[in-house]
Amino acid sequence: MALNKIAVFGADGKLGQVITKALLECPDKSFDVLAFKAPLTPDPDVPESEHYECRTANLLNVTQDKLKDQLKGVDAVVCALNGKALESQPLIQDAAADVEVKRFYPSEYGFHAVYRKPGDEWGYVHPIWDMKNRLLESAVHHDAIQEGDMSYTVIGCGDFYDQEDEPIWCPWTQEYPERNIYTLHVVGSPEAKAQYTHKDDFAKFLVATLCEPEKSENATLNFVSDEVSHRQIAQMLEKFTGREAKIEIRSESDVHNIVKDPSKAPEKLRENSALPVDFCFIVKAAQSQSRFRRPKGEIHNHLFPNVKPTTFEQYLRRLHVGTGGVEERPSGPMRRETA
């Protein structure tokens, strides 16, 4: 089964642009890429190519018939949607099935952590993850998949660690941190390890599954770039920047209070992120409990060995020092921890 023409929905988003770029720059195969973006947003920042076309689609009010016309001749659909637009994923899949698209990639791309309240036997899932769960269940059980007319590939990953527009939750991405100090927000133990993924690695892995579709047919796969602790990240930051890396520790009680009432979170944490603050604290709590990682048997890097993971150390060295044997910067002040 050859998958040659790929449609990417959400191609103007953070992850969608990276996926689209990886498709166009694939060294092993030439794909025809049809990118869909939202109205009034800039075109994706990707290389020019005769194999690339960008179209505008308002997914909040588009019809199945209109999408069906747009998807004729497409072999695989990749959804990289979030927010309100993600609710259109079932409609996209219905339209794709109407024109016999062979492969569907639902918008998953993450790790879902269960939140547990003190004194409560139930586990809870944040609404962001619950929406993805519900739509994922719908996608993999679609009639076209059950009848064998379409296949699916689901790809999970670690926490995306190279989000430059998240200075609070990914402070290591900033060249000039506030007051010249990197502040890492940790819940509980800074020694606990969590799994992380670089967006470029993720996109290359996804493209590899399109190059060898038999390996990923009707499969749920996961790609991880590295597994490190906040303590290790702080040490690497000081090593490569010469600046202080402060670990700010919060208790699990803080998490429970913020989940109950997000307005209780410090204003700086609420106002400087596109992500809901309660969501971020649930992620940080899971990381500090060593629950934000999959067992080895659920990680599939080995299926596509040509996709080399970018470790945290490689990323920080490249970002803050450069490549080509550049010397590390002098060590900065000792790390501080505050509770």
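**Close-up 1. The second largest pocket and its lining in the predicted model.** The second largest pocket of this predicted model is lined by 20 residues, of which Ala22, Cys26, Pro27, Lys204 and Val207 lie nearest its centre; the elements giving two or more residues to this lining are α1 (14-24) and α6 (199-211). A pocket is an open set of points on a 1 Å grid over the protein atoms alone, where a 1.4 Å probe fits, with protein on both sides within 12 Å along at least five of seven lines, and lining residues have an atom within 4 Å of a point. The space in this pocket is about 450 Å³, a volume being the space filled by probe spheres set on the points, which are joined across faces, edges and corners. Helix α6 gives the most to the lining, with six residues, and by class the lining has 11 nonpolar, two polar and seven charged residues. Here Ala, Val, Leu, Ile, Met, Phe, Trp, Tyr, Cys and Pro count as nonpolar, Asp, Glu, Lys and Arg as charged, and the others, Gly among them, as polar.

Close-up 2. Eight of the 11 residues of α1 are buried (under 20% relative accessible area, 1.4 Å probe, protein chains only), namely Leu15, Gly16, Val18, Ile19, Thr20, Ala22, Leu23 and Leu24. These buried residues pack against α6 and the strands β1 (5-9), β2 (32-37), β3 (52-56), β4 (76-79) and β9 (159-160), helices (H or I, at least four residues) and strands (E, at least two) being DSSP runs numbered from the N terminus.

**Close-up 3. Lys199 in helix α6.** Lys199, found in helix α6, is buried, with a relative accessible area of 11%. Leaving aside neighbours within four places in sequence, Lys199 is in contact (heavy atoms within 4.5 Å) with Lys14, Leu15, Val18, Phe160, Asp162, Gln163 and Glu164.

**Close-up 4. The largest nonpolar core.** This core, a set of buried Ala, Val, Leu, Ile, Met, Phe, Trp, Tyr and Cys residues joined through side-chain atoms within 4.5 Å, has 40 residues, and those with the most contacts inside it are Trp172, Phe281, Phe312 and Leu316. The largest share of this core, eight residues, comes from α10.

**Numbering and conditions.** Residues are numbered from 1 along each chain as its sequence is written. In this predicted model, local features need pLDDT of at least 70 and side-chain atom pairs count only at pLDDT 80 or more, whereas totals for chains, interfaces and linings use all residues; side-chain values use heavy atoms, with hydrogens and water left out.

Key:
Buried < 20%, exposed > 50% of the residue type's maximum accessible area, 1.4 Å probe, protein only.
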